[in-house]
Amino acid sequence: MAQSPVPVFEIAAKVRADASVVVVLKMGAQGFGAQAKALDEKLGGLLTRACALPGFAMAGRCFDIPAPPSVATHRIVVLELGDAETITPVSLAHAGAELAAFLEMKDEGEAAVVVDPAAGSALSAADVVARLALGLRLRRYRFDLRKARGGAAADKEWRIGFVAGDDAAEVAQRLARANAVAEGVELARTLVNLPSNHLNPDSFADYLSPLAEAGVEIEVLQSGDLERLGMNALLAVGSASVRPPRVIVLRHRGAGEGTAPPLAFVGKGVCFDSGGLCTKSGPQMFDMKGDMAGAAAVCGLMLALARQNAAAHVVGVLGIAENLQSGKAYKPGDVINTMSGQTVEVFDTDCEGRMLLADCLYYTASHIKPKAIVDLATLTYSVMRGLGSIFAGLFGSDDTLAAEMIASGEKIGERFWRMPLDHAYDKGLQSPITDLRQHAKTLEDGDAPYAAAFLLHFT
């Protein structure tokens, strides 16, 4: 698999005399910081005059100036960040991405970025460096399975030096954290992008070597283990595939955590979802290699935590399966005895996510005994139909945890909208022959809240 080289980020006390590209940050009406002003004076006010041109003052916009003979640099890039009061961690990451795109377009692979504290903003120079670096690195991510590929700008090895006025140790620490987060995001993206003949229940664990290298403990429960545990709902989802389902348990135990109960993350890992016997249409099915994005997100999270040596005890539980068709497939009307002991009447085999997660959630609650569970899943399209792509639906049984997640999402730009999780939906899950019905009485009757209400019975 071809992938662009990871950018090398460095911290410097000052811009090297031979730096080929110098990137200067401008902050709206506040203009330049101390280091940028010094460079502008050296250039006879060239930066100030260029920024006064019509059309430049747009947050995230870059333009470049050929450097005069008086400096060794051949190109100076100015990146507009916007007014100090509007600068956020999210806007900085977007600005970093725009800078990466601009440098790619100019075929530049080495630059010195002059970072001054944002006057009038609560963000330090270390904050600015970390978020710019995150945006730069994520914009550089590529996924490509071609044997031969072009694009010198995308393949060029990058070396970015940050010249920041803050304490070098703090800047280095924040930069390391940004790299750890980026590495986790890149792993999650790659897992989602891999086609299902590459990433499947047989091979999923093979792609977790970065986690093992980072010190994450990995345990794989095979189909025989799942049978002994009574995880029949998960086994039913994967029954039609020649590749039996697995459960993968990931554990990061930070220093000093001892035997404290962990925080648990459960990820839906359906490596391909055809809908089972309730088959999806062709266009609906094409993207279903990505139905394991919940599990991918948990993998990325665990890698980011391990790379930071985070002082936290965290467990990830991944339910890995393929939902296909065959003579062994589970069927509408089947009654499944779940790991919890509750029986479930199957209504729609394309509601496989809640079946898989029912067993994974119960396993997590009963075997891991965490202080809280966060479930990540591409569970039902009805959330996207209702919210679009701006917000992700959040169902929570704990108001404090839900509020903390919503606040964190606002801070980093991954926004949540809280959805109803209420026992009033249990009435629609009643069955005359089982403890629970898998789905409400019609396909269009609030699918997402019913799915969440169903899963609450297994936590």
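## Exercises on a predicted model

Helix H11 is mostly covered, with 11 of its 15 residues buried. The model is predicted, so let's work through it together, starting with this helix.

**Exercise 1. Check the length of helix H11 (residues 293–307) against the distance between its end C-alpha atoms.**

Step 1. Take 1.5 Å a residue; the 15 residues of H11 should then span 21 Å.
Step 2. Compare this with the model, where the end C-alpha atoms of H11 are 21 Å apart, so the two agree.
Step 3. Look just past the helix: Asn-309 has a positive phi of about 55°.

**Exercise 2. Find the buried residues of H11 and what covers them.**

Step 1. Count as buried any residue under 20% relative accessible area.
Step 2. Go along the helix and you collect Gly-294, Ala-295, Ala-296, Val-298, Cys-299, Gly-300, Met-302, Leu-303, Ala-304, Leu-305 and Ala-306.

**Exercise 3. Describe the largest nonpolar core and the place of Phe-454 in it.**

Step 1. Among the 36 residues of this core, those touching the most other members are Val-247, Met-355 and Phe-454.
Step 2. Six elements each supply at least two of its residues: helices H9 (232–237), H12 (352–368) and H15 (447–456), and strands S8 (246–253), S9 (263–273) and S10 (313–323).
Step 3. H12 gives the largest share, 8 residues.
Step 4. Setting aside neighbours within four places in sequence, Phe-454 is in contact with Val-344, Arg-354, Met-355, Ala-358, Leu-429, Leu-436, Arg-437 and Gln-438.
Step 5. Another core, of 34 residues, lies apart from this one; Val-77, Leu-79, Leu-92 and Val-113 are among its members.

**Exercise 4. Is Thr-364 buried or exposed?**

Step 1. Locate Thr-364 in helix H12.
Step 2. Its relative accessible area is 0%, so Thr-364 is buried.
Step 3. List its contacts, leaving out residues up to four places away in sequence: Thr-364 touches Ala-264, Val-266, Val-317, Lys-369, Pro-370 and Ile-373.

**Exercise 5. Characterise the second largest pocket by volume and lining.**

Step 1. The volume of this pocket is about 340 Å³.
Step 2. Its lining has 16 residues, with Val-15, Arg-16, Val-22, Leu-39 and Lys-42 nearest the centre.
Step 3. Sort the lining by class to get 10 nonpolar, 3 polar and 3 charged residues.
Step 4. Helix H1 (residues 34–42) contributes the most to the lining, with 4 residues.

Notes:
Residues numbered from 1 in each chain as written. Predicted model: local features only at pLDDT ≥ 70, side-chain atom pairs only at ≥ 80, totals over all residues. Heavy atoms only, no water. 1 Å grid on protein atoms, 1.4 Å probe; cavity = no way out; pocket = protein on both sides within 12 Å on 5 of 7 lines; lining within 4 Å. Points joined across faces, edges and corners; volume = space filled by probe spheres on them. Nonpolar A, V, L, I, M, F, W, Y, C, P; charged D, E, K, R; others polar. Core = buried A, V, L, I, M, F, W, Y, C linked by side-chain atoms within 4.5 Å. Buried < 20%, exposed > 50% of the residue type's maximum accessible area, 1.4 Å probe, protein only. Contact = heavy atoms within 4.5 Å. Expected span 1.5 Å × (residues − 1).
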